[in-house]
Amino acid sequence: MTLDDLLDGLFLQRPNITREGGVLTGQATLKGGGAVEIVGVYDATPLGVDEAIRLSRHVLDALMRGSDDPIFVFVDSGSQRMSKRDELLGVNEFLGHLAKCLIWADMQGRRTLAVLYGSSLAGAIIVTALATGTLLAVPGAKPEVMDLPSMSKVTKLPLAVLEEKAKSTAVFAPGVDNMVKTGSVLEVCKDVPALAEKIAILLGTSRDPNDNRGLLGRERGGRPKAADIARRIYDLAHSAS
Amino acid sequence: MNADKIHALEAQAHEISWFEATARQRLRWFVDAGSFEEFLGPAAREMSPHLPDFNLPEAFDDGMIVGRAKLDSKPVLIAAQEGQFMGGAFGEVHGAKLTGLLRGARDAKGPHVVILFDTGGVRLQEANVGELAIAEIMRAVLEARAAGVKVVGLIGGRAGCFGGGSLVAACCSALAISEQGRIGISGPEVIETNRGVEEFDSKDRALVWRTMGGKHRRLLGGVELFVGASIQDFRDAARSLLAQAPSLNLDVLKAEQARLEDRLERFGSCADGLDVWKALGAKDPAVIPGMAADAFIHLADTIRRPRYDAR
């Protein structure tokens, strides 16, 4: 599914959406009614300091305008930009700041919703798709933490072993289905009408302020322990104070 | 614990290197003597359910130690990563412990939280759940901060603070780093593997320090404090950061945006750490890597005063 498929399918008209250097920003009106703020990364562009600062600026401007319009994040990115310049300039702060702006928006009651329609890796997926209140995916989504050959290099585990494990466990192998099982992705929508319908339902129900991805991962069997461990530590920390 | 023993422990904190110590050693000398109480410690045997699939050994604490303690007689919640187990990487259990700790602090509106980072980032054998753990922790840090809890990070371990760990650090209220501390999303080897040795020579240790090391991060404004090498130095830094760290609100986010925009404008065309330091006003940038901690702290405070309102 292309970005144009998504934008044409979801929005009435979009004179206020700009695409520049892999960064998408703007406003649009949903076909079912209602204005939304838009940010995104397209063409599998890596997310570096130059991209992240523009995205966070747009999210902050939207917050300062003070409306309740939802913020949509369209994601087809590379990883964080791996370069000397980006690391020299503290790219972790730029990407972290983007995530902070999105999470802050959600904490203030603004709906934040990401649509993963292409690739996204490593630091980039954490501060875009995984920094919103809701993450939906569509066919064509190809999330990865790291490709298997590189993973083989870093972990010193043979590629054949990793390929075999990838078939049997959701916990480490690339792919959107595994992100559904672990609770990262709420749902994969099969086409644009299904996505539009899901979005309408989500926007029509009140926002859940809790981060429920741990419970989702436990229900779906992709993340057996996290929810319980977090809960037990929570109880101990809470009663300690 | 008697007074003599407490005194002896406090004296040792001045001698012991943060970098060399294990996470449990750091904790022992970092908090008020004998005050640490662990949550779901090794006796609970809450280990990674995934490492056995890869025929890798588990640790009884999954490389993450969390609990409560006292610092200067005041309660704190503490999390410490063991960099010598799986590179301190975030797996399912490891991450969930920190998430639970932060959510507990959020809902109880305290006490403040200190994180002793020592991590290469997401544990690749548990990649999908480790990545999600980072996302949950970032959110939990921000929610705790919005509830008035300060979340302070300390960086000076062998594994540095890389990958997703560096994103969590970026969400903290304030950070302290030592000379040997390093912060980056992509580690030197990862950049070299993906982009070639011309982009980044991971064997050039001086280059690594100038790009990701503690002194550069302090001068760039990526951390608030630069500290000496001992556990006592980190203890003093945590005390200072807890006193000064800001809470989180829209003004802080606006100030951070402005701070980072200003950084891009001033240093965006610098090719090396040396150029950044020169642009900041260091008269002889080449001597900075060799400077002793005290002299460097004095220089840093002269050319780049720490800010506490823009993170």
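Where in chain B is the place of Arg45(B)? In this predicted model, Arg45(B) is found in the loop that runs between strand 1 and strand 2 (64-71) of chain B. The backbone of Arg45(B) adopts a positive phi of about 55°, although the residue is not a glycine, and with 10 C-beta neighbours inside 10 Å it counts as exposed. In chain A, Ala44(A) likewise has a positive phi of about 55° without being a glycine. Ala44(A), however, belongs to strand 3 (residues 35-47) of chain A, and it is partly exposed, having 16 other C-beta atoms within 10 Å. A further backbone feature of chain B is the cis peptide bond that joins Gly110(B) to Pro111(B), with omega at about -10°; Pro111(B) is located in the loop that connects helix 3 (92-108) with strand 4 (113-117) of chain B.

The division of chain A into domains was considered next. Domain 1 covers 3-209 and domain 2 covers 213-241 of this chain, and the C-alpha centres of the two domains of chain A lie 25 Å apart. The contact between them takes 8 residues from domain 1 of chain A and 8 residues from domain 2 of chain A. On the side of domain 1 of chain A that touches domain 2 of chain A, the residues comprise, by class, 3 nonpolar, 4 polar and 1 charged.

Within chain A, strand 5 (residues 112-116) has 5 of its 5 residues buried, so this strand is largely enclosed by the rest of the structure.

Helix 10 (residues 213-220) of chain A was examined for the placement of its buried residues, which are Arg213(A), Gly214(A), Leu216(A) and Gly217(A). Viewed down the axis of helix 10 of chain A, these buried residues fall within an arc of 160°, so they line one face of the helix. An α-helix has 3.6 residues a turn, so residues three or four places apart point the same way. Helix 10 of chain A is followed by Gly221(A), whose phi is positive, near 80°.

In chain B, 7 strands form an open sheet with mixed pairing, in the order 1-2-3-4-5-7-9. The edge strands of this sheet are strand 1 (37-39) and strand 9 (225-227) of chain B, each of which pairs on one side only. Neighbouring strands of the sheet are turned by 25° against each other on average, when direction is ignored. One of the pairings involves strand 5 (residues 151-155) and strand 7 (residues 174-178) of chain B, which are paired in the parallel sense over 4 bridges, and Leu154(B) stands opposite Ala176(B) in strand 7 of chain B.

A residue with contacts in both chains is Ser166(B), which, apart from neighbours within four places in sequence, is in contact with Asn92(A) and with Cys161(B), Ile183(B), Gly184(B) and Ile185(B). Ser166(B) lies in helix 5 (residues 164-171) of chain B, and it counts as buried, with 32 C-beta neighbours inside 10 Å. The C-alpha atoms of Ser166(B) and Ser186(B), which are 20 residues apart along the chain, are separated by 9.4 Å.

Conventions:
Residues numbered from 1 in each chain as written. Chains lettered and ligands numbered in written order. Predicted model: local features only at pLDDT ≥ 70, side-chain atom pairs only at ≥ 80, totals over all residues. Buried ≥ 20, exposed ≤ 12 C-beta atoms within 10 Å, placed from the backbone. Helix = DSSP H or I, 4+ residues; strand = E, 2+ residues; numbered from the N terminus. Arc of directions from axis to C-beta. Pairing = 2+ DSSP bridges. Axes fitted to C-alpha atoms, helices over the stretch in contact; angles between N-to-C directions. Domains from an automatic or database assignment. Contact = placed C-beta atoms within 7 Å. Nonpolar A, V, L, I, M, F, W, Y, C, P; charged D, E, K, R; others polar.
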